[in-house]
Amino acid sequence: MIRMPAFVERMTVVIFLVALSLPLTGMLLNLDRDPPSGENRTLAAWPQLRWDAASLRALPEQLTHYFDDHFAFRVRLVRWQATVRLQALGVSPSTSVIKGRDGWLFYADDGAMEDYAEAPPFTDAELEQWRHTLQDISDWLRAQGSAYLFVIAPDKHVIYPEYMPHTIRRAAISRIDQLVSHLRQHSTVRVVDLRPALLAAKARERLYHRTDTHWNDRGAFIGYQTIVDALAEELPGLRTASRSAFEPRVMRSEGLDLARMLGLTEVLHEDDLVLVPTRPSTVRIVEPQNPNRRLTHARIVTEAPNRRPRAVVFMDSFGPALVPFLSEDFSRVVYLWQDNVDPQVVQQERPQVVIQEWVGRALSTHVPYNPVPRVSAVSIR
């Protein structure tokens, strides 16, 4: 057996001890200035010490969580580890994100992979539950004087399956296909399936972000045009904006939401394909007072100086990208980040149009709530 020289053994021990103590030393001396911007969660706070038995018992675990989240150089080490796994080993560092081909990332949670690969088909009873709920909503809204659209926004893996890993096989039956077909055959619900328009347009330009779950401006514009074209059948005065009213630009940015889940916003980058209006917009955002650039708010209210209809839009995370386009066609729009129709908001706003937008993957995990029996019961009383 060959032994290392004593000097080498001592140096190995010293290097090991230095490496082991470096994070704690850096934390105590505040040497690490790298903020945890890539984390998509709240980091552990310093424990609130109280001199009671329960607090003292919880203190060791709380200190462990705090140290795990705040030791020096943590962000760099996490980023390096994620980079090696993604770019060198070719695997995703997170179970929530799938590494696709040619730099594409795909969302794996909230029913996304079930929707793509293994969601069981709707049963007849489930389809009838959907039909009954949406028909009740549609009938009630029509009685209020509101046109109603149920809009399905497709996930990125539906429009760009060619960039998904070949190891994941696509399900033979789509829940979107089932639901759209059932509603069109057995109800009067106006359902808008955005897939055909997006699939037809993707040959011209990229419609979804590579490092984000959602569509970009150009995909959202196609969705907007399809929605307004459907509404125009009931409200002939509506006309979609022309694509020539916008200048296409490419903005280089850090990686977006899927890159953030991996802690790699500073490593991965996005060519954000934006549409910039060629003329100043007349739309004013009245709520909230200080909206963020991505318009990721629970409630947004827009107003425009025109005599066009009013609208209420119930939406999910695909909705904010529609706001700059849809708002131009209405005098007032209330956007609510929630799945289900709220009759109270409809009665307050008295809109001519109500849009309920769902992302396709939600069909694998959610069922719509039917508020109409509750409204009827209150009205009878």
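## His-297

His-297 lies in the loop that runs between strand E7 (284–287) and strand E8 (299–303). The model described here is predicted. With a relative accessibility of 16%, His-297 counts as buried, because the cut-off for a buried residue is under 20% relative accessible area.

Leaving aside residues up to four places away in sequence, His-297 touches Pro-288, Asn-290, Pro-291, Asn-292, Met-315 and Trp-337.

## Ala-119

Ala-119 is also placed in a loop, here between helix H4 (112–118) and helix H5 (124–144). Its relative accessible area is 11%, so Ala-119 is buried.

When residues up to four places away in sequence are not counted, the contacts of Ala-119 are with Glu-114, Arg-175 and Ser-364. A further relation concerns Arg-170, which is 51 residues from Ala-119 along the chain. The C-alpha atoms of Ala-119 and Arg-170 are separated by 10.0 Å.

## The chain as a whole

The protein chain contains 13 helices and eleven strands. It has 381 residues, and 45% of them count as buried; His-297 and Ala-119 are among the buried residues.

The accessible surface of the protein chain comes to about 20500 Å². Carbon and sulfur atoms account for 55% of that surface.

Key: Residues are numbered from 1 along each chain as its sequence is written. This is a predicted model: local features need pLDDT of at least 70, side-chain atom pairs count only at pLDDT 80 or more; totals for chains, interfaces and linings use all residues. Side-chain values use heavy atoms; hydrogens and water are left out. Helices (H or I, at least four residues) and strands (E, at least two) are DSSP runs, numbered from the N terminus. Buried means under 20% relative accessible area, exposed over 50%, partly exposed in between (1.4 Å probe, protein chains only). Contact means heavy atoms within 4.5 Å. Accessible areas come from the Shrake-Rupley method with a 1.4 Å probe; for residues, only the protein chains shown count as cover.
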